[in-house]
Amino acid sequence: MTLNSRPARPVLLGQNQYGKAENRVVRITRDGATHHIKDLNVSVALSGDMDEVHYSGSNAHVLPTDTTKNTVYAFAKEHGIESAEQFGIHLARHFVTSQEPIRTARIRIEEYAWERIETSGADTDAGSRAPGADEARHSFVRQGRETRLTQVTYDGERWEVVSGLKDLVVMNSTNSEFWGYAKDKYTTLKEAYDRILATEVSARWRFGWSDDGQPMPDWEESYDQVREHMLQAFAETYSLSLQQTLYQMGARIIDNRGEIDEVRFSLPNKHHFLVDLEPFGLKNDTADGAVYFAADRPYGLIEATVLRDGCEPRIPVDLSNL
């Protein structure tokens, strides 16, 4: 087979993409003695006129994945990282507009949060402070909270930005019930009129913004507000099912954030079961509290999409690869 020949058999190339996955980039911004951190995990996927590299091995249209990695780091310095979404937009636009064979760029980003460490002498008189304890301006601890996510896709004309989070663990220790459900001969679960409701939220939301002619959302404000509405809805819903809570979380986001058209949730039900303490002569569930066994598996898995009226669903049903 010559370099430019194609297979004679009736076999066709389907969807394809390539890029450099999981580029870990940390950008430190120094504002005098006060430093700021943006900590990202960036994955680049490019697609377009890539038939020949698959059929014959010609790399003429292939921008090396090592180049995409270098671009991530160079852009972090040249453009800074205002937000995960804005950084993804810079990268996607660059790859599509600078390389003719590349028609679509998809940028996926995970962002890890850090918070400042409060020093022991920050509130004391200057003469009594420990050396270096004037302010917590350059020392940080990784926050034990959710991971922020975004996916930016650009085809040279239209944008699609889907942001979200994962590993957001929440719990209501009361105000949750589960009863009146269908039963058959295999049903052993007892109805509950006061139970713990806990889950680990994985959520994605799609922005209505799709072209450069529209005002761009404030990505940082939007994330903070979506997260707040999500948590408030979880806390304020008297839940008769995790499905009901999910819907209230999504509806509150759609009602309060006009820039978002669609939200999809994947909520594992983190079951908590009362421990049988009677063999030890102890009554468990009493007015002063109770002891539970936190089961990690198997678990109920509740998933659904909440949409703005008139909008079409575009977020994939399976969030595991988004």
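User: What counts as a salt bridge here?

Analyst: A salt bridge is a side-chain nitrogen of Lys or Arg within 4 Å of a carboxyl oxygen of Asp or Glu. The general idea is that side chains of opposite charge can pair when their charged atoms come close. One case here is Glu110 with Lys166, whose side chains meet in a salt bridge at 2.9 Å, N to O. Glu110 lies in strand β3 (residues 102–112) and Lys166 in strand β7 (residues 159–172), so this pair ties together parts that are 56 residues apart in sequence. Strands are DSSP runs of E with at least two residues, helices are runs of H or I with at least four, and both are numbered from the N terminus.

User: Before we go on, what sort of model is this?

Analyst: It's a predicted model: local features need pLDDT of at least 70, side-chain atom pairs count only at pLDDT 80 or more, and totals for chains, interfaces and linings use all residues. Residues are numbered from 1 along each chain as its sequence is written, and side-chain values use heavy atoms, with hydrogens and water left out.

User: How many salt bridges does the rule give?

Analyst: The count comes to 19 salt bridges. Among them is Asp39 with Arg24, where the closest N and O atoms are 2.6 Å apart. That pair links distant parts of the chain, with Asp39 in strand β2 (residues 34–48) and Arg24 in strand β1 (residues 23–31), 15 residues apart.

User: Is Asp39 buried or exposed?

Analyst: Buried means under 20% relative accessible area, exposed means over 50%, and partly exposed is in between (1.4 Å probe, protein chains only). Asp39 has 3%, so it is buried. Arg24, at 39%, is partly exposed, and so is Lys166, at 27%.

User: Which salt bridge does Arg206 form?

Analyst: Arg206 meets Glu262, at 2.7 Å from N to O. This one joins strand β8 (residues 197–207) to strand β9 (residues 260–269), with the two residues 56 apart. Arg206 is buried at 4%, and Glu262 is buried at 0%.

User: Which residues are linked in a network?

Analyst: Lys38, Glu85, Glu111, Arg148 and Glu220 are linked by salt bridges.

User: And which residues form a negative surface patch?

Analyst: Patch residues have over 30% relative accessible area and no salt bridge, with like charges joined within 9 Å. Asp and Glu count as negative. Here, Glu82, Asp218, Glu221, Asp224 and Glu228 form a negative patch. Asp224 sits in helix α4 (residues 219–236) and is partly exposed, at 46%.

Technical notes: Patches are made of residues with over 30% relative accessible area and no salt bridge: like charges are joined within 9 Å, nonpolar side chains (Val, Leu, Ile, Met, Phe, Trp, Tyr) within 5 Å. Accessible areas come from the Shrake-Rupley method with a 1.4 Å probe; for residues, only the protein chains shown count as cover. The place of a charge is taken as NZ of Lys, CZ of Arg, CG of Asp or CD of Glu.
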